[in-house]
Amino acid sequence: MTGSTAATFTADDYRARMERAARTAADAGLAGLLVAPGPDLVWLTGYTPPAVTERLTLLVLAAGQDPVLVVPALEAPDAHRAAGAAALTLHDWTDGKDPYAATAALLEDSGRFGVSDNAWALHLLALQQAMPRNSYASLTDALPMLRAVKNAAELDLMAAAGAAADATFEEIRNVPFAGRPESEVAADLDRLLRRHGHEQVDFTIVASGPNGADPHHEAGDRVIARGDMVVLDFGGLRDGYGSDTSRTVHVGEPTDEERRVHDIVREAQEAGFRAVRPGAACQDVDRAAREVIAAAGYGEYFIHRTGHGIGVTTHEPPYMIEGEERPLVPGMCFSVEPGIYLPGRFGVRIEDIVTVTEDGGRRLNTTARELVIVE
């Protein structure tokens, strides 16, 4: 992640996030949070260590206590320059000292702590040895909605990332497809996303013909031919916030069946979007999209959830899936991406990132959802 996000948010913004995280943890019955390098640490502090090493870096948060970042001494200068450093106490340690004993001194004994999903087992096991009466829970399980609701500044960054992905699609639809391997079109997507401001590209799926029936197909050497349906799914991070969009194009004129399947998915995607409103359950979005596809006789070919949350990572809670009764809240951002996958033949997926508003939903992707013909 680049320093551009740090320029967007101030130390006060990071202080407010850490205070809210600590309160939320206390409300959930946790003694505090232990946050290792990864997206949670960047979101809470603006700090990304210069390298991923075996040396312990850990943010300690607890309600009523000042946040402390335990950091190797040789990386302390970088930590001091982080956008949220003024809201932190830095506790550095030198090689040869025991960082786990130093961290244990900051923790309540016999407490239950939320631990970021990116924490190394090496560090967690050492903390367990130093404080055997403590217990731990992953942040995804304990506080899945910690980053889910975005404020106005975050929504602006999400919208900008979505607009960059849209600009990428508008350009990719005009490049040659026929006679080129999937990998070349995927490289075009990567290049265009970066041209439009992405510092990180997480995926560029180009799935042609029968490969389109594999939702997570890796672009390969298959040469795209006239008559192919091609699923495009691409995204990454722009100024630290995620994009993720899917459109399905056709090389030359499609058959009536291909148009019909695409129209069904487009109708399902619209139904999922219309189900977005405050107070609705996450599963309502999945049900609305799935009902359209099932009614058309293709229910068995919709083989994944309808959506996933997005923010400082491209996949995070909440999930639009049957059984998820969590209510939608204004500021949540997630994908709505139904699909139909016909093994050995072709696939179709249409995906927008949507944010919940006070009275419904707003798409952060606005390119045409009709079937686009490419050459």
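Reader: At roughly what angle do the axes of helix α8 and helix α9 cross, and within what distance do they come?
Author: In this predicted model, the axes of helix α8 (residues 152–172) and helix α9 (residues 182–195) cross at roughly 135° and come within 9 Å. The two helices are therefore oblique to each other, and their crossing is right-handed.

Reader: Which residues make that contact?
Author: On the α8 side the contact is made by Ala165, Thr168, Glu171 and Ile172, while α9 brings Val185, Asp188, Leu189, Leu192, Leu193 and Arg195. Sorted by class, the contact of α8 with α9 has six nonpolar, one polar and three charged residues.

Reader: And α10 with α11, how are those two oriented to each other?
Author: Helix α10 (residues 256–274) packs against helix α11 (residues 282–295) at an angle of about 155°, with the axes 7 Å apart. Since angles over 145 degrees count as roughly antiparallel, α10 and α11 are therefore placed in that class. The crossing of α10 and α11 is right-handed.

Reader: What does each helix put into the contact there?
Author: From α10 come Ile264, Glu267, Ala268, Ala271 and Gly272, and from α11 come Val285, Ala288, Ala289, Val292 and Ile293. By class, the contact of α10 with α11 consists of eight nonpolar residues, one polar and one charged.

Reader: Switching to pockets, what volume does the largest one have, and how many residues line it?
Author: The largest pocket has a volume of about 360 Å³, and its lining is made up of 20 residues, of which Ile205, Pro215, His216, Asp233 and His315 lie nearest the centre.

Reader: Which element gives the most to that lining?
Author: Strand β7 gives the most to the lining of the largest pocket, with four residues. The elements that supply two or more residues to this lining are β7 (198–208) and β10 (307–309).

Notes. Residues are numbered from 1 along each chain as its sequence is written. This is a predicted model: local features need pLDDT of at least 70, side-chain atom pairs count only at pLDDT 80 or more; totals for chains, interfaces and linings use all residues. Side-chain values use heavy atoms; hydrogens and water are left out. Axes are lines fitted to C-alpha atoms, for helices over the stretch in contact, and angles run from 0 to 180 degrees between N-to-C directions. Angles under 35 degrees count as roughly parallel, over 145 as roughly antiparallel, 65 to 115 as roughly perpendicular and the rest as oblique. A crossing is left-handed if the near helix is turned anticlockwise from the far one by less than a right angle, and right-handed if clockwise. Contact means heavy atoms within 4.5 Å. Ala, Val, Leu, Ile, Met, Phe, Trp, Tyr, Cys and Pro count as nonpolar, Asp, Glu, Lys and Arg as charged, and the others, Gly among them, as polar. On a 1 Å grid over the protein atoms alone, a cavity is a set of points where a 1.4 Å probe fits but cannot get out, and a pocket is an open set with protein on both sides within 12 Å along at least five of seven lines; lining residues have an atom within 4 Å of a point. Grid points are joined across faces, edges and corners, and a volume is the space filled by probe spheres set on the points.
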